[in-house]
Amino acid sequence: IETTNDEELLNEDVAYVEKDNKRGLIHLNNAKIVIPIIYDDVEHLLHQFFNVKNNEEYQIANKHNKIVIEEKSQHPYEFEYYNIFYTKIVGSSKRKYYTSSGTFLGEFVEQSLETLPNHYFYAKANKFQKKISIINPQGQVLIDEIDQIIVTGENDTFAYLKDKKWL
């Protein structure tokens, strides 16, 4: 068992375990394996989420051994917000974005996604996308061609300008 100084990981009551050059995760309270010892590497990402690596490809698993993001990536996954993960796209300035439940949101440039109420998102205008788009929790573009968006309070209300009308 490998100890860690990652306070967040310690709060999860788990630790890395290694056997025959393979890594996994063990629950400290009951000694049960929570991520099987089958990976080339396991790295804590955020809260209960871990990058798991096999054959030079990464996926995201949670501490209950559920693969949350099944798409394999050549790069480790990273997080932009507590509920958005991304991986770099080889040869592009775009990244593939996913929710913490594994829903693919799309390909966007760095820091172009913002959160909205009820697990909605908006993609800011950038060099690839000239106007704003609102994306629903299933990763579908709900409204596009938005000129301006205003989010008020604690991300609980928003209004947007489209075709010279505030909605």
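1. H47 is placed in the loop between β4 (41-46) and β5 (49-54). In this predicted model, H47 has a positive phi of about 45°, although H47 is not a glycine. Most residues other than glycine have a negative phi. With a relative accessible area of 38%, H47 counts as partly exposed.

2. A positive phi is also found at E145, likewise not a glycine, with a value of about 60°. E145 belongs to strand β15 (residues 141-146). The relative accessible area of E145 is 45%, so this residue is classed as partly exposed, the class between the 20% limit for buried and the 50% limit for exposed.

3. Turning to the aromatic residues, the structure contains 5 aromatic pairs. One of them joins Y77 and Y98 in an edge-to-face arrangement, with the centres 6.0 Å apart and an angle of 75° between the planes. The edge-to-face label applies because the planes are over 60 degrees apart. Y77 is located in the loop between β7 (67-73) and β8 (78-81), and Y98 in strand β10 (residues 94-99); the pair therefore ties together parts that are 21 residues apart in sequence. Both Y77 and Y98 are buried.

4. Y86 and Y97 form an aromatic pair that is tilted, at 5.6 Å centre to centre and with 40° between the planes. Since Y86 lies in strand β9 (residues 84-88) and Y97 in strand β10, this pair ties together parts that are 11 residues apart in sequence. As for accessibility, Y86 has a relative accessible area of 7% and is buried. Y97 is buried as well, with a relative accessible area of 0%.

5. Which residues do ring pairs link into a cluster? The members are Y77, Y98 and F104.

6. Two contacts between a charged side chain and an aromatic ring deserve mention. The charged end of R23 sits over the ring of Y16, at 4.6 Å from the ring centre. The charged end of K94 is positioned over the ring of F128, at 4.7 Å from the centre of that ring.

Technical notes: Residues numbered from 1 in each chain as written. Predicted model: local features only at pLDDT ≥ 70, side-chain atom pairs only at ≥ 80, totals over all residues. Heavy atoms only, no water. Phe/Tyr/Trp six-rings, centres within 6.5 Å; stacked < 30°, edge-to-face > 60°. Helix = DSSP H or I, 4+ residues; strand = E, 2+ residues; numbered from the N terminus. Buried < 20%, exposed > 50% of the residue type's maximum accessible area, 1.4 Å probe, protein only. Lys NZ or Arg CZ within 6 Å of the ring centre and 35° of its normal.
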